[in-house]
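Trainee: Could you walk me through reading aromatic contacts in a model? I'd like the general idea and then the case at hand.

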Amino acid sequence: MGIHGLAKLIADQAPGAIKEQDIKSYFGRKIAIDASMCIYQFLIAVRQDGNLLQNEDGETTSHLMGMFYRTIRMLEYGIKPVYVFDGKPPQLKSGELEKRGERRAEAEKLLAKAQEAGEQENIDKFSKRLVKVTKQHNDECKKLLTLMGVPYIEAPCEAEASCAALVKGGKVFATATEDMDGLTFGTNVLLRHLTASEAKKLPIQEFSFNRLLQDIGLTNEQFVDLCILLGCDYCGTIKGIGPKRAIDLIKQHGSIEEILDNLDPKKHPPPEDWLFKEARRLFLAPDVVDCATVDLKWNEPSEDDLIQFMCTEKQFSEDRIRNGCKKMSKSRQGSTQGRLDSFFSVTGSLSSKRKVPDAKGSAKKKQKTGATPGKFKKGK
């Protein structure tokens with residue numbers, strides 16, 4: 001679920017914290033990707049005639065096709081992906097998981113009615129609501145990534161929290177996920193639509209956490225409290241407090257405790273036994289992977305083993321898998337150049353002042369005399 005309405009709030013309150021980028025902008029970047037979110041997207045999007053892809057044995061293969069081809073696409077653009085898989089969900093999330101179970105049960109009832117009435121549009125809609133990433137989906141994707149030479153990490157708890165830790169620890173450039181709580185966990189850079197940008201014809205949205213805090217005028221702790229007020233996976237919200245009121249209250253009072261001291265509980269009752277402090281601790285000090293032990297390596301694909309797994313076991317086209325292996329090997333050769341900005345350190349900010357144009361004809365005159373602006377003199 002992430003954080004309710006956070007993307008829109010940032011767009012309204014701190015539009016300068018969001019940039020729209022082309023996938024080519026991330027050449028040479030290492031990016032931590034929320035694996036479960038990706039697999040869920042693949043199960044929703046990679047379909048034929050509205051149904052999940054399956055092999056002759058009735059095994060679902062949509063997640064493998066999505067993971068294989070979209071990972072190759074990123075590699076071709078010079079991106080170095082590392083997938084991060086969820087660990088055990090925190091106890092605070094049990095209420096949200098229970099609600100999801102209730103929504104699934106309701107979707108099953110609505111699907112049965114749609115099937116009985118022959119309403120294909122509703123059949124497709126409610127079938128997608130029943131999609132769930134299973135342990136088998138995860139295990140098969142881990143095996144595939146290993147054979148592709150792409151690293152993955154098993155987070156001790158929430159994947160987004162460990163993605164953020166990898167960014168803060170300097171192991172990767174950004175977190176790629178659709179859930180906005182990557183920012184609440186403190187990732188410096190968050191990317192949305194990375195794995196689905198081409199399929200959905202969407203630009204990649206890049207969120208800058210530091211710019212966001214600066215433009216909205218909040219500390220990290222205040223931003224976490226704002227996210228709790230908006231609605232997260234770990235606790236309820238104060239009744240009648242929407243995004244606009246939430247940010248005004250945080251700016252005015254600075255913390256949830258102070259807000260509660262100044263709100264009329266009859267008009268805006270908080271949840272009973274509200275666990276906002278526990279949720280705050282979970283965001284500010286989550287259980288994450290130890291970055292000191294993380295050694296990320298991207299290797300050559302194991303072509304023969306990929307053929308065995310994807311073609312012999314899962315019945316994909318051998319020609320297509322071999323072609324994918326060629327693309328991966330070629331991408332490894334092309335990505336050794338690295339990013340130009342990795343060779344330089346930033347010593348100051350760029351000026352936003354407009355350039356004063358040269359006097360008319362001066363460029364031609366300089367060209368004739370050889371006085372090219374910026375040309376180094378010998379020995380300098």
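Mentor: Happy to; keep in mind that this is a predicted model.

Trainee: Which residue forms an aromatic pair with Y69?

Mentor: In general, you describe two aromatic rings by the distance of their centres and the angle of their planes. Here the partner is F68, with 5.1 Å centre to centre and 80 degrees between the planes. That pair counts as edge-to-face because the angle is over 60 degrees.

Trainee: Is F68 buried or exposed?

Mentor: F68 has 0% relative accessibility, so it counts as buried; the cut-off for buried is under 20%.

Trainee: How many aromatic pairs does the structure hold?

Mentor: Seven. Among them is Y234 with F283, also edge-to-face, at 5.3 Å centre to centre and 65 degrees between the planes.

Trainee: Where do Y234 and F283 sit in the chain?

Mentor: Y234 is in the loop between α10 (220–230) and α11 (243–253), while F283 belongs to helix α13 (residues 276–284). They are 49 residues apart, and the pair links distant parts of the chain. Both Y234 and F283 are buried.

Trainee: Which residues form one aromatic cluster with F283?

Mentor: F185 and Y234.

Trainee: And which charged ends sit over rings?

Mentor: For that, look at the distance from the charged end to the ring centre. The charged end of R29 lies over the ring of F173, 3.9 Å from its centre. K142 has its charged end over the ring of F85, at 5.1 Å from the centre.

Note on methods:
Residues numbered from 1 in each chain as written. Predicted model: local features only at pLDDT ≥ 70, side-chain atom pairs only at ≥ 80, totals over all residues. Heavy atoms only, no water. Phe/Tyr/Trp six-rings, centres within 6.5 Å; stacked < 30°, edge-to-face > 60°. Buried < 20%, exposed > 50% of the residue type's maximum accessible area, 1.4 Å probe, protein only. Helix = DSSP H or I, 4+ residues; strand = E, 2+ residues; numbered from the N terminus. Lys NZ or Arg CZ within 6 Å of the ring centre and 35° of its normal.
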